[in-house]
Amino acid sequence: MSDWNPSATTASPPRPSDIQQLVGLLGNLMPLLMRLQSQAFEQPFQTMPGGLPIPNPVLDRQAAENMIGDMISESLRALSAFLQANAAQHAGLENCVPIVTQAAHRYAARDYAQAFNLIWLTYRTIETIRAADPRLPLLRQDSTETQSSLH
């Protein structure tokens, strides 16, 4: 139990040394609070001359995860559309469907390394099938049209 109870009528006023100690603690706390408050409004990264960001491992990791996630999701969309359009007409492509499905599950679990490996395996399998059947369309045969529309 505390020696000082503000609701007690017989409580003695705090001693001058207790007040000085409290003022000292608050005095030390205020600069810390001001520094924390000012940091909340700072930019997430500092820049070097020329506007290049100073390396920051946390931001670098987040940027890398976002970039690889975008690359994987775009590849999964392209593979899914390609397989849906061509698997029935070209022998062997149906074997890619479970690989792409597994890659999508790995992507959803944020296991980007395994998802990337499975996508690579699918691309490799498609190229192997194309070597045996040149009538198989390219995965991104309209990529030049897409690229020209982006410029």
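## Salt bridges and the basis of the model

A salt bridge is taken here as a side-chain nitrogen of Lys or Arg within 4 Å of a carboxyl oxygen of Asp or Glu, and by this rule Arg61, Glu65 and Arg110 are linked in a network of such bridges. The count under this rule comes to seven salt bridges. Side chains of opposite charge can pair when their charged atoms come close.

The structure is a predicted model, in which local features need pLDDT of at least 70 and side-chain atom pairs count only at pLDDT 80 or more, whereas totals for chains, interfaces and linings use all residues. Residues are numbered from 1 along each chain as its sequence is written, and side-chain values use heavy atoms, with hydrogens and water left out.

## Glu74 and its two arginine partners

Helices are DSSP runs (H or I, at least four residues), numbered from the N terminus. Glu74 and Arg77 both lie in helix H2, which covers residues 57-86, and they are three residues apart, about one turn of the helix; their side chains meet in a salt bridge with an N to O distance of 3.3 Å. Residues are called buried under 20% relative accessible area, exposed over 50%, and partly exposed in between, using a 1.4 Å probe and protein chains only. On that scale Arg77 is exposed, at 52%, while Glu74 is partly exposed, at 36%.

Glu74 also forms a salt bridge with Arg140, the closest N and O atoms being 3.9 Å apart. Arg140 lies in the loop between helix H4 (112-132) and helix H5 (143-150), whereas Glu74 is in helix H2, so this pair ties together parts that are 66 residues apart in sequence. Arg140 is itself partly exposed, with a relative accessible area of 36%.

## A pair within helix H4

In helix H4, the side chains of Glu127 and Arg130 meet in a salt bridge at 2.5 Å, N to O, and the two residues, three apart in the helix, are separated by about one helical turn. Glu127 counts as partly exposed at 45% relative accessibility, but Arg130 counts as buried at 10%.

Helix H3 has 13 residues, which at 1.5 Å a residue should span 18 Å, and its end C-alpha atoms are 18 Å apart, which agrees; the expected span is 1.5 Å times one less than the number of residues. Cys96, Ile99, Val100 and Ala103 are buried in H3, and they cover an arc of only 95 degrees around the axis, which puts them on the same side of the helix, the arc being that of the directions from the helix axis to the C-beta atoms. The face turned away from this buried side carries the exposed residues Pro98, His105 and Ala108.

Phi of Arg110 is positive, near 60 degrees, although the residue is not glycine. Most residues other than glycine have a negative phi.

## Packing and the nonpolar core

The buried residues of H3 pack against H2 and H4, where contact means heavy atoms within 4.5 Å. A nonpolar core is a set of buried Ala, Val, Leu, Ile, Met, Phe, Trp, Tyr and Cys residues joined through side-chain atoms within 4.5 Å. Of the 19 residues in the largest such core, Phe82, Leu93 and Ile126 touch the most other members. H2, H3 and H4 are the elements that give two or more residues to this core, and H4 gives the most, with six residues.
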